[in-house]
Amino acid sequence: LGGILVEGRGADLVLLGVGMNLRGPVLQAEGREVPGAVSLWGPGGLRSGPAGAGGADGRAGGDLRERLESALTTALSAELAALESAGGDGVSAGTHGRYTMTCLTVGRAVRVDPLGETGAGGAQPPSLHGIARTIDAHGRLLVDLAGGGRRAVDIGDVRHLRPGGPATGIEQEEHGT
């Protein structure tokens, strides 16, 4: 239905992006539907509404976007205030348990592509493959690696892999996650 991107900008600034599929179907660049992607309105949408539920410009939900922006801003501000008052400790702030419980990545086979890191000679470090097990007290994803061991991931591009597929190889990547 949507996604969230969080990017650190220095020690005191975080950029937060939230995207939501208001009208479907959700299409890939070449025009094929994205498997598993859903939207609020349109064929297979989660909500039904009167004909012409979109705005004059054809977008879904007229003032829905503004209401969602307001609700998300209010909720995110409250979560951030709780984290700040607890010195960034998600467990003390009460956010850790809720996030861990609702995180769809936990329990899934994943591939993690490192971001913002360079190895010797400027080479990009290899991707990690394994099973996402939980979220630690610092908000990092804990991944049990396919070759053994556990790694805490605090930054990276996390891709869900197909159920039942091995936790290795790009060929098993799910699209649209």
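## Strands 4 and 5

T134 stands opposite L142 of strand 5. Strand 4 (residues 128-135) and strand 5 (residues 141-145) run antiparallel and are joined by five bridges; two strands are taken as paired if DSSP finds at least two bridges between them. Helices (H or I, at least four residues) and strands (E, at least two) are DSSP runs, numbered from the N terminus.

The structure is a predicted model, in which local features need pLDDT of at least 70 and side-chain atom pairs count only at pLDDT 80 or more, whereas totals for chains, interfaces and linings use all residues. Residues are numbered from 1 along each chain as its sequence is written, and side-chain values use heavy atoms, with hydrogens and water left out.

## Overall architecture

The protein chain contains three helices and seven strands, arranged along the sequence as β-β-α-α-α-β-β-β-β-β. Of its 177 residues, 21% are buried, where buried means under 20% relative accessible area, exposed over 50%, and partly exposed in between (1.4 Å probe, protein chains only).

The accessible surface comes to about 11,400 Å², and carbon and sulfur atoms hold 56% of that surface; the areas come from the Shrake-Rupley method with a 1.4 Å probe, and for residues only the protein chains shown count as cover. Among the contacts (heavy atoms within 4.5 Å) with a separation of 6 or more, 34% are between residues 24 or more positions apart.

Five strands build an open sheet with antiparallel pairing, in the order 6-5-4-3-7. Strand 6 (150-153) and strand 7 (157-160) are at the edges and have a single partner strand each, so one side of each is left without a neighbour in the sheet. On average, neighbouring strands of this sheet are turned by 40° against each other, direction ignored; the axes are lines fitted to C-alpha atoms, for helices over the stretch in contact, and angles run from 0 to 180 degrees between N-to-C directions.

E7 belongs to strand 1 (residues 2-8) and is partly exposed, at a relative accessible area of 32%. Not counting residues up to four places away in sequence, E7 touches L13, V14 and L15. The C-alpha atoms of E7 and I155 are 8.6 Å apart in space, although the two residues are 148 residues apart in sequence.

The loop between strand 2 (14-20) and helix 1 contains P25. The peptide bond from G24 to P25 is cis, with omega near 5°. Helix 1 (residues 64-85) has 22 residues and spans 31 Å from its first C-alpha to its last, close to the 32 Å expected at 1.5 Å a residue; the expected span is 1.5 Å times one less than the number of residues. Just after helix 1, G87 adopts a positive phi of about 65°.

## Salt bridges

Seven salt bridges are counted, each defined as a side-chain nitrogen of Lys or Arg within 4 Å of a carboxyl oxygen of Asp or Glu. One of them pairs E30 with R32, with the closest N and O atoms 2.8 Å apart; R32 is exposed at 53% relative accessible area.

R133 and D144 form a salt bridge at 2.8 Å, N to O. R133 lies in strand 4 and D144 in strand 5, so the pair ties together parts that are 11 residues apart in sequence. R133 is partly exposed at 41%, as is D144 at 22%. In a further salt bridge, the closest N and O atoms of R140 and D136 are 2.7 Å apart; R140 is partly exposed at 26%, whereas D136 is buried at 11%. Salt bridges that share partners join R133, D144 and R150 into one network.
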